[in-house]
Amino acid sequence: MEIIQIVGLGLIVTILTLIIKEQKPMFAFLLAAFTGVMIFLFLIGKISSVIQVLEDLAQKSNINMVFLKTILKIIGVAYIAEFGAQVVRDAGQESIASKIELSGKILIMVMAIPIISVIIETVVKLLPA
């Protein structure tokens, strides 16, 4: 079970970080950030298999692949913005973390415009004239 490995690694690094933080706060931050990146890299394989399954389902159900790829990009932007904001927040820079989150939200809105447009056009077509 991968979650046990991830939680175990997280607990061990947390304890090490708390111990090291008193003497070398910069090293403690780097250890925490490196662990976050390692956990993310560990999950890349899982993420790619989920994307492959979603693409197969979209092809079988004749969904336009542009919409699926846009949704996957939106999800990617959300995860990356959240991860970046958490790392920056761990470094004690709350204001920069907030700006990263705001940037992620704005990028998501921009990327979602084509999908929102298609939904509105479809609803307008369904309404009686």
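User: Helices are DSSP runs of H or I with at least four residues, and strands are DSSP runs of E with at least two, both numbered from the N terminus. Going by that, which helix holds Val37?

Analyst: Quick heads-up: this is a predicted model, so local features need pLDDT of at least 70 and side-chain atom pairs count only at pLDDT 80 or more, while totals for chains, interfaces and linings use all residues. Residues are numbered from 1 along each chain as its sequence is written, and side-chain values use heavy atoms, with hydrogens and water left out. Val37 falls within residues 25-60, and that stretch is helix 2.

User: Is Val37 buried, partly exposed or exposed?

Analyst: Buried means under 20% relative accessible area, exposed means over 50%, and partly exposed is in between (1.4 Å probe, protein chains only). Val37 has a relative accessible area of 36%, so the label is partly exposed.

User: About how much area does the nonpolar surface patch with Val37 cover?

Analyst: A patch takes residues with over 30% relative accessible area and no salt bridge, joining like charges within 9 Å and nonpolar side chains (Val, Leu, Ile, Met, Phe, Trp, Tyr) within 5 Å. Areas come from the Shrake-Rupley method with a 1.4 Å probe, and for residues only the protein chains shown count as cover. Val37 is in with Phe34, Met38, Phe40, Leu41, Phe42, Leu43, Ile44 and Ile47, and the patch comes to about 750 Å².

User: How many salt bridges turn up in the whole structure?

Analyst: Side chains of opposite charge can pair when their charged atoms come close. A salt bridge here is a side-chain nitrogen of Lys or Arg within 4 Å of a carboxyl oxygen of Asp or Glu. The search of the whole structure gives a count of four.

User: Which residue pairs with Lys69 in a salt bridge?

Analyst: The N to O distance for this pair is 3.3 Å, and the partner of Lys69 is Glu55. Lys69 lies in helix 3 (residues 65-90) and the partner in helix 2, so the bridge ties together parts 14 residues apart in sequence.
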